[in-house]
Amino acid sequence: MMKKLLIGLFALLPTFAMAAGPSVPLLEANNDLTDNASLQRGAKLFMNYCLGCHQMQYQRYERTFRDIGIPVEIGKETLIFDGSKVGGHILNAMDTDDAAKWFGAAPPDLTLVSRVRGADWVYTYLKSFYVDESRPFGVNNSVFPLVGMPHVLQELQGVPTAEFEEVEEHGVKVQKVKSITTDGSGELSADEYDQAVRDLTNFLAYVGEPSRLQSEAIGMRVLGFLVIFFILAFLLKKEYWRDVH
């Protein structure tokens, strides 16, 4: 299992090598892994808009449903569209070779994307698409220039248009995206779309580390035990050495 996780992690690195560096300001995702309602909405968005191209080959449906509070029968009925078994991994039917021809590179597995890039990067990336007719899918991304995927959430957001400004980087003047606005044709308002992106980011953050909440809870108990043990050990040491001094 660890070998598979490492392979998936390193497979993601070249895919995102062209992504913007630290000079690009990232928005704060403010994700909350304790918010099951947000995680459930994010799971719905992923299954409906992302799974057609991006798999989660290290995450199982049943584990997901159990962790985020979705009854298994409801999850099977509403979030599994290809007849997969509830105990199976979250996979799609896209052929890797065909995907590479269509997109220039096979869409990466997203199980670990939040671990590789961070939730803030994912959130900013999803909000940074804009119309660019020079690109094969008619869109570009200010966080991931020359992105090779369509803006799959455009029907929710509306048509995004970028305003550019000229800035100087390393002595060279370049055009950078200053702001992105939409035409209001999306199914969601600006606030609703922002919440949808946060929900999707929250879900991806959960999938990147499903046991994080349990690990943090165990960690706090361990720290508490160590504090108590230290106090007892200190008092015992004083008792042993009392007669020596």
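**Reading a predicted cytochrome c domain model**

Guide: The UniProt annotation "domain: Cytochrome c", from an unreviewed entry, covers residues 37-208. This is a predicted model, in which local features need pLDDT of at least 70 and side-chain atom pairs count only at pLDDT 80 or more, while totals for chains, interfaces and linings use all residues. Residues are numbered from 1 along each chain as its sequence is written, and side-chain values use heavy atoms, with hydrogens and water left out.

Visitor: How much of residues 37-208 is helix and how much is strand?

Guide: Helices (H or I, at least four residues) and strands (E, at least two) are DSSP runs, numbered from the N terminus. Residues 37-208 are 43% helix and 20% strand, with the end C-alpha atoms 18 Å apart.

Visitor: How many disulfides are there?

Guide: A disulfide is a covalent bond between the sulfur atoms of two cysteines. With a disulfide taken as a pair of cysteine sulfur atoms within 2.5 Å, the count is zero. Cys-50 is in no disulfide, and its nearest cysteine sulfur, that of Cys-53, is 8.9 Å away.

Visitor: Is Cys-50 buried or exposed?

Guide: Buried means under 20% relative accessible area, exposed over 50%, and partly exposed in between (1.4 Å probe, protein chains only). Cys-50, at 10%, counts as buried, whereas Cys-53, at 27%, is partly exposed.

Visitor: Where does Phe-225 lie?

Guide: Phe-225 lies in helix 10, residues 212-241, and is exposed, with a relative accessible area of 53%.

Technical notes. UniProt positions renumbered as here; feature names shortened; annotations may be inferred.
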